[in-house]
Amino acid sequence: MYDYVIIGGGIVGVSTAWQLQQRRPDSSILLIEKESEFAQHQTGRNSGVVHSGIYYTPGSLKARFCRLGVEETISFCHKNDIAIEQCGKLIVATNEVEYERMLALYERAHENGLEVELLDAVMLKAREPNVKGSGAIFLRTTGIVDYPGMTRKMAALFCDLGGQTQLNSKVVGINETNNMVDITLADGIHVEAKHLVVCAGLMADRLAIMQGLDIDFRVIPYRGEYYQLPPDKNNIVKHLIYPVPNPLVPFLGIHLTRMIDGSVTIGPNALQGYKREGYGRLNFSVVDTLAMISFPGFWNVLRKNFRSGLCEFWNSIWKRGYLKQVNKYCPSITISDLKPYPTGIRAMTVHRDGSLIDDFLMIDSPRTLHVCNAPSPAATSAIPIGNHICDKILKE
Ligand SMILES: Cc1cc2nc3c(=O)[nH]c(=O)nc-3n(C[C@H](O)[C@H](O)[C@H](O)COP(=O)(O)OP(=O)(O)OC[C@H]3O[C@@H](n4cnc5c(N)ncnc54)[C@H](O)[C@@H]3O)c2cc1C
């Protein structure tokens, strides 16, 4: 019988396990992950950006955790020799509508207590000669990092403190009784715990349902396809370059991202997925698709976002359409510069009525806590989220 079991070897689960073991050094804690390595899903397939927190509703958990997350991520990486760089970010407006939206974002940055600079077209050109726009917001604190490296390091620190990890172990059953939680693994082995924390990313709703919790939301997978620039274009920008996001769409738009290994990626788009953890373009799962289309919330999302969804689909199959979105602010990139790069899949959590759950969402029962929604910037915020989860379970 373990004191605590944590399911999910992404950055949220690993951060929680590591911090819980620090706070309860005498407790027995087991971290279970179904893959053969940590960070194989969202954590290892993202843009690698340490967000500063400009976009989020002031006072939301997202805004609070993100601000704390920047400081704690930087401090963790410096202490543990993980690659990180605060290269700064420019949010670039390319027309009048975007300029107005950019000004609103500038106001929000102040409400969120961030240090930002407003640049006109000439100042933008001086900072980034290859980028054009009518103006930009400059965020000094945004950075880039190696999230899989961070996750592996936290897992190693967890083990050094006495924690145990079990890879290649898929959880297929959760049964909570008055005295304990019984967890069944795919090979038939049972693990018993006094308390359970579930951080299952794209599978979050499935594990909640597996336990018999009554939930009125589901995870809908959204593919994020990237390209990579050839090495001779690695110096095309000095900062991260983002478009001004469309407030009607819950994604940030295709951006130019300097990665921590020195390369530059373009992306991600936001495309309907048909397999939660299937990254190939043609991946399709009957189980995942049936689960999705039988949920009323999916149809409501589809109806609301039909036009933008169609555009994303078209630009995904027509490379020139994809390129056009980057050329708006970086005209010198050409079609031959778009080299293949691995896709990521986001877990979008959707209510039955079709509204998207924008903030972090956790649900609990007497002996379990499920992290049901940990959207971007959950990688940036993983340390404060882990700390918050520890506060919750230790208090209860
Ligand atoms: C394309 C894309 C770009 C993004 N860009 C950024 C960014 O730049 N900055 C940022 O801060 N955030 C970004 N995000 C968001 C961020 O990556 C995620 O919010 C974060 O990684 C979530 O971490 P997690 O641990 O909750 O989930 P995951 O990393 O998905 O981990 C969940 C883990 O649970 C395991 N699991 C699931 N079911 C079971 C089971 N039955 N048994 C055992 N194990 C199980 C999975 O195998 C997986 O390892 C991005 C996300 C995507 C997809």
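The residues that form the shell around the ligand divide into 18 nonpolar, 17 polar and six charged. The model is a predicted one. Of the 41 residues around the ligand, those that come nearest are Gly 10, Gly 201, Gly 224, Gly 344 and Ala 378. Two elements, helix H1 (11-23) and strand S18 (339-351), each contribute at least two residues to this shell.

The chain as a whole contains eleven helices and 20 strands. Its radius of gyration is 21 Å, close to the 21 Å given by the globule rule for 396 residues, so the chain is as compact as a globular protein of that length. The C-alpha trace spans about 65 × 45 × 40 Å along its principal axes.

Helix H1, which supplies residues to the ligand shell, also packs on helix H5 (residues 147-160), at an angle of about 30 degrees and with the two axes 9 Å apart. Angles under 35 degrees count as roughly parallel, and H1 is therefore roughly parallel to H5. The crossing of H1 past H5 is left-handed. On the H1 side the contact is made by Ile 11, Val 14, Ser 15, Ala 17, Trp 18 and Gln 21, and on the H5 side by Tyr 147, Met 150, Thr 151, Met 154, Ala 155, Leu 157 and Phe 158. By class, the residues of this contact are ten nonpolar and three polar, with no charged residue.

Phe 65, Leu 68, Gly 69, Glu 72, Thr 73 and Phe 76 of H2 make the contact with Ala 382, Ile 383, Pro 384 and Ile 385 of H11. Seven nonpolar, two polar and one charged residues take part in the contact of H2 with H11.

Most residues other than glycine have a negative phi, and most peptide bonds are trans. A cis peptide bond joins Gly 267 and Pro 268, with omega about -5 degrees. Pro 268 is placed in the loop between strand S16 (264-267) and strand S17 (271-272). Another cis peptide bond, with omega about 15 degrees, joins Ser 376 and Pro 377. Ala 39 has a phi near 60 degrees, a positive value in a residue other than glycine. The position of Ala 39 is in the loop between strand S2 (29-32) and strand S3 (49-50).

How values were computed: Residues are numbered from 1 along each chain as its sequence is written. This is a predicted model: local features need pLDDT of at least 70, side-chain atom pairs count only at pLDDT 80 or more; totals for chains, interfaces and linings use all residues. A residue is near a molecule or strand if its C-beta atom, placed from the backbone, lies within 6 Å of it. Helices (H or I, at least four residues) and strands (E, at least two) are DSSP runs, numbered from the N terminus. Ala, Val, Leu, Ile, Met, Phe, Trp, Tyr, Cys and Pro count as nonpolar, Asp, Glu, Lys and Arg as charged, and the others, Gly among them, as polar. Axes are lines fitted to C-alpha atoms, for helices over the stretch in contact, and angles run from 0 to 180 degrees between N-to-C directions. Angles under 35 degrees count as roughly parallel, over 145 as roughly antiparallel, 65 to 115 as roughly perpendicular and the rest as oblique. A crossing is left-handed if the near helix is turned anticlockwise from the far one by less than a right angle, and right-handed if clockwise. Two residues are in contact if their C-beta atoms, placed from the backbone, lie within 7 Å. The radius of gyration is taken over C-alpha atoms; the globule rule is 2.2 Å times the number of residues to the power 0.38.
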